[in-house]
Structures are given as C-alpha cells and as structure tokens.
Amino acid sequence: KALVTGQKILKAERRAKNVLIHLSNKYTIIVHMKMTGHFVYDRPGYPYVRLTFRLNNGKELSLSDIRKFAKVTLVKTAAVEKSMHLEGLGPEPLDRNFQFKIFNFQLHKRPKAKIKQALMDQSLIAGIGNIYSDEILWRAGVHPLSAVGKIPEKNMRFMFAAMKKVLKAGINFGGDSMSDYRNIKGEKGEFQEHHHAYRRTGKACGKPGCRGVIKRIVVGARSAHFCPAHQKLFK
C-alpha cells in the first residue's frame with residue numbers, strides 16, 4: 001500500500017491479457033482480469049468491487065470481479081517484462097512489427113498442435129482468447145482441429161489477415177460482453193453482436209454462399225464453434 005499511495009499514474013497499457021499501470025516511483029501495478037474482472041471509473045456503488053484506487057480528483061478506479069479470479073501484483077517497472085507474470089509471453093498480434101513471417105514461425109513451434117489451441121497459447125502469440133480464436137478460424141476457413149504443421153501457407157496467410165481484422169474489430173466495437181466484460185464506464189461492448197461462430201451453435205453460417213450450420217465441439221477443455229462446411233480440416 002505504501003508503494004502505491006501518493007504516486008502519480010504515468011501510463012496505462014496492455015500486455016497480453018494484463019493491464020499495466022505504471023507509477024511515478026518506478027513501480028508497476030499488474031492486473032490480470034481473468035474471466036470476469038474489469039475496471040470501472042467513477043461508478044460509486046458498482047457491484048462486486050474487490051479493489052479501489054482513490055484518485056486525487058476525488059474519483060475512484062475500481063476493479064470489479066464477480067468470480068474473484070482476478071490477480072493484482074506490484075513489481076519494479078524495470079523488471080516488468082522479466083517478471084513471472086509476463087515472462088514467456090509471445091509477441092503482440094497487433095504490433096506493427098508482427099508480420100506474417102513471425103506469425104507463421106511462432107505457430108510452427110507447435111506443428112502437431114491443433115490450431116485452435118495454438119492460437120490461444122499465450123507463449124506463441126499474446127492476447128488471443130476463446131471468442132477471438134473461433135472468429136479468426138471462421139473467417140479464415142480453417143477447422144479448429146487442423147494440425148498447425150499441415151495447414152498450407154496460403155491458409156496460414158488467410159488466418160494472419162483474419163487475426164488482424166478480428167482483433168481490430170473487437171477493439172472498434174468496444175470489446176465483447178457476451179459474459180461479464182464492461183468498459184471503464186460500466187458499459188457493454190458490442191463485439192458479441194457481430195459473432196459469426198462463437199456461441200452460434202445450430203444457426204446457419206453467415207458466410208455468403210455457405211449452407212453450413214455452426215457446430216460446437218470441445219478442444220483442449222475449451223469450446224470451439226465452427227462451420228463444418230467451409231472450414232477445412234487439415235490433418
């Protein structure tokens with residue numbers, strides 16, 4: 001508490017699924033939201049608040065988390081990337097330097113892995129979760145059970161382009177609030193209104209000209225939603 005009190009917030013940024021709040025005393029607060037955590041600003045009485053930062057403007061920045069899974073820790077800023085919380089994370093998919101060559105190289109570190117699991121492996125590529133992996137594979141036309149090493153380069157390039165489009169769309173629509181996520185104002189995002197695969201089991205595929213129906217399977221203990229008609233299985 002003493003290392004946080006009276007400090008100025010210099011910058012806030014994201015690394016993978018972590019929020020980093022850099023302080024003036026050269027310490028950084030690392031917050032991993034887990035499944036249901038989110039920050040809200042100036043929302044007195046907001047439910048499920050587990051941690052509150054009182055600011056000098058009289059407002060509060062609060063962490064709400066109904067399931068109490070969120071993790072908060074404090075480390076020296078100079079050691080953030082090497083800390084146990086961030087060490088081993090893969091590159092950021094929306095970084096300007098993250099080009100197809102790196103994308104392809106990272107995924108092929110696990111050539112026998114199912115592509116659904118590889119996309120969600122934070123040590124390969126940081127920040128892609130369950131919802132976005134489904135939407136990426138739907139857009140790219142790749143079956144979630146495809147083995148990484150069997151996917152042709154052409155389809156890997158489709159996937160790379162789909163990843164960029166899907167993640168940017170997620171940001172532009174303010175995130176996905178299919179579950180508990182809310183923005184800093186306590187408002188829902190809108191990406192869930194633009195799903196093509198995730199949680200659309202039994203519904204007609206929205207790809208033009210496709211007559212498939214969205215199906216759900218389990219891949220590595222996580223749900224996977226896909227169209228068996230146009231998403232090709234490479235094995």
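Which residues are linked in a network of salt bridges? They are R14, R15, E81 and E92, a salt bridge being a side-chain nitrogen of Lys or Arg within 4 Å of a carboxyl oxygen of Asp or Glu. This is a predicted model, in which local features need pLDDT of at least 70 and side-chain atom pairs count only at pLDDT 80 or more, while totals for chains, interfaces and linings use all residues. Residues are numbered from 1 along each chain as its sequence is written, and side-chain values use heavy atoms, with hydrogens and water left out.

**Salt bridges**

- The structure holds eight salt bridges.
- One of them joins D121 and R110, at 3.1 Å from N to O. D121 lies in the loop between helix 2 (115–120) and helix 3, and R110 in the loop between helix 1 and helix 2, so this pair ties together parts that are eleven residues apart in sequence. Helices here are DSSP runs of H or I with at least four residues, strands are runs of E with at least two, and both are numbered from the N terminus.
- D121 is buried, at 17% relative accessible area, whereas R110 is partly exposed, at 33%. Buried means under 20% relative accessible area, exposed over 50%, and partly exposed in between (1.4 Å probe, protein chains only).
- E60 bridges to R54, with the closest N and O atoms 3.4 Å apart. E60 is partly exposed at 30% relative accessibility, and R54 is exposed at 68%.

**Aromatic pairs**

- There are six aromatic pairs in the structure. Rings of Phe, Tyr and Trp (its six-membered ring) pair if their centres lie within 6.5 Å; planes under 30 degrees apart count as stacked, over 60 as edge-to-face and the rest as tilted.
- F100 and F160 form an edge-to-face pair, 6.0 Å centre to centre with 75 degrees between the planes. F100 belongs to helix 1 (residues 100–107) and F160 to helix 4 (residues 153–172), so the pair ties together parts that are 60 residues apart in sequence.
- Both F100 and F160 are buried.
- F98, F100, F103 and F160 are linked by ring pairs into a cluster.

**Lining of the largest pocket**

- A pocket is an open set of points on a 1 Å grid over the protein atoms alone, where a 1.4 Å probe fits, with protein on both sides within 12 Å along at least five of seven lines; lining residues have an atom within 4 Å of a point.
- Strand 1 supplies four residues, the largest share of the lining of the largest pocket.
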